[in-house]
Amino acid sequence: MAEDKKRIFSGMQPSGLITLGNYLGALNNWTKLQDDYDCLYCIVDMHAITVRQDPAKLRKQSRDLLTQYLAVGLDPEKNTIYYQSHVSQHAELGWILNCFTYMGELNRMTQFKDKCAKHADNINAGLYTYPSLMAADILLYQADLVPVGEDQRQHLELTRDIAQRFNGVYGDVFTVPEGYISKVGAKIMALQEPERKMSKSDENKNNTILLMDEPAVIMNKMKRAMTDSENEVRFAPEKPGISNLLGIYCAVTDTKMADAEREFANVGYGTFKTAVGEAVVAQLEPIQKRVHEIEADKAYLDAVIKNGAEKANYIATRTLSKVQKKVGFPPRIR
Ligand code: TYM
């Protein structure tokens, strides 16, 4: 692994089928960074169990997510791609960082509040301390940059606070990471309720476009996306539905907003939605094809899993040993 490159860490939960929001807010940006940075991309299965999961389904979703990482173009030779649960140092550092995270900080986390409202029957301690584990993910690898969507901003700020607090006590142990939140695609909204974000756990399937949705399904969901009564395609806060579709169009076609508005200046909403749907299909279809090719190659996937865990383990051990020493744990006798 190149030592002179800056390091990137990011991750995704295998808690459901991934959406166009996950792709545009994260995955698509990750592929653009892989040549210039030393990147670790994790499948954060330990985070996923903060919400009750079916074991067989979680295993399948984790493998599917790994396949999708590869299919969007993440190269396992250039990046370290691995399952969080295969590197136990995440849990160990997570515990230590719990002791450097205040309950007042955790109480303020909006994702915790949202999840409590959604899973009122299972408000567990893991859900509460989720942000300290996320801080451990990032700090374990001394990441400089963390490419995520807008919804992770608060967690990232807390990670920085925890790192600075720890460094304040023990010296420069952790790199204090910066967020990398792109201007386009960082907050893709639900198609039928564009005032809230597109989410893989949404019960209304028409709100989300999945990475693996077939073209006809994508076109159909687009057709049913919420618009407004104006019939004018332009980006404006009072037009959340149309603005969201414009944002999606710009992100998948790499078009500037002003150019997209010009392109659709004189067309009706029906034609506009068809164009957005077709652009999304054009982007996702080749990825879906690659997913099917890669998932058939079991030996290749297994090798990626094994190598990824080994590479991650090597870096993680270095940081964890340093932290354990700093906090005063006795050295191991070998
Ligand atoms: P997760 O699994 O919810 O989402 C994965 C990534 O997708 C982004 N994202 C979106 N971007 C744009 N529009 C949307 N509608 C949208 N929905 C999701 C997220 O911002 C994220 O980048 N806590 C994290 C996982 C995590 C992590 C980490 C990330 C655990 N440890 C360390 C970075 C670094 C999460 O739940 O992401």
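The shell of residues around the ligand divides into 12 nonpolar, 10 polar and 5 charged. The model is a predicted one. In total, 27 residues surround the ligand. The closest are Tyr130, Asp137, Asp151, Ile188 and Lys200. Several secondary-structure elements contribute to this shell. Strand β1 (7-12), helix α1 and helix α7 (125-139) each supply at least two of its residues.

A polar backbone atom of Gly21 lies 3.1 Å from a nitrogen atom of the ligand. Asn22 places a polar side-chain atom 3.1 Å from a ligand oxygen. At Gly149, a backbone N or O atom is 2.8 Å from an oxygen atom of the ligand. The protein buries 97% of the 710 Å² that the ligand exposes when taken alone.

Most of α1 is covered, with 13 of its 14 residues buried. At the start of the helix, a side-chain oxygen of Thr19 comes to within 3.0 Å of the backbone nitrogen of Gly21. Gly21 also has the polar backbone atom that lies 3.1 Å from a nitrogen of the ligand.

Two loop residues have positive phi values. Asn231 is found in the loop between α9 (215-223) and α10 (240-253). Its phi is near 60 degrees, a positive value in a residue other than glycine. The relative accessible area of Asn231 is 47%. Exposed residues have over 50% and buried ones under 20%, so Asn231 counts as partly exposed.

Asp254 is found in the loop between α10 and α11 (257-263). Phi of Asp254 is near 60 degrees, again positive in a residue other than glycine. Asp254 has a relative accessible area of 68%, so this residue is classed as exposed.

Definitions and conventions: Residues are numbered from 1 along each chain as its sequence is written. This is a predicted model: local features need pLDDT of at least 70, side-chain atom pairs count only at pLDDT 80 or more; totals for chains, interfaces and linings use all residues. Side-chain values use heavy atoms; hydrogens and water are left out. Buried means under 20% relative accessible area, exposed over 50%, partly exposed in between (1.4 Å probe, protein chains only). Helices (H or I, at least four residues) and strands (E, at least two) are DSSP runs, numbered from the N terminus. A polar contact is a pair of N or O atoms within 3.5 Å; within protein, one must be able to donate a hydrogen and the other to accept it, and residues adjacent in sequence count only if both atoms are side-chain atoms. A residue is near a molecule or strand if one of its heavy atoms lies within 4 Å of it. Accessible areas come from the Shrake-Rupley method with a 1.4 Å probe; for residues, only the protein chains shown count as cover. Ala, Val, Leu, Ile, Met, Phe, Trp, Tyr, Cys and Pro count as nonpolar, Asp, Glu, Lys and Arg as charged, and the others, Gly among them, as polar.
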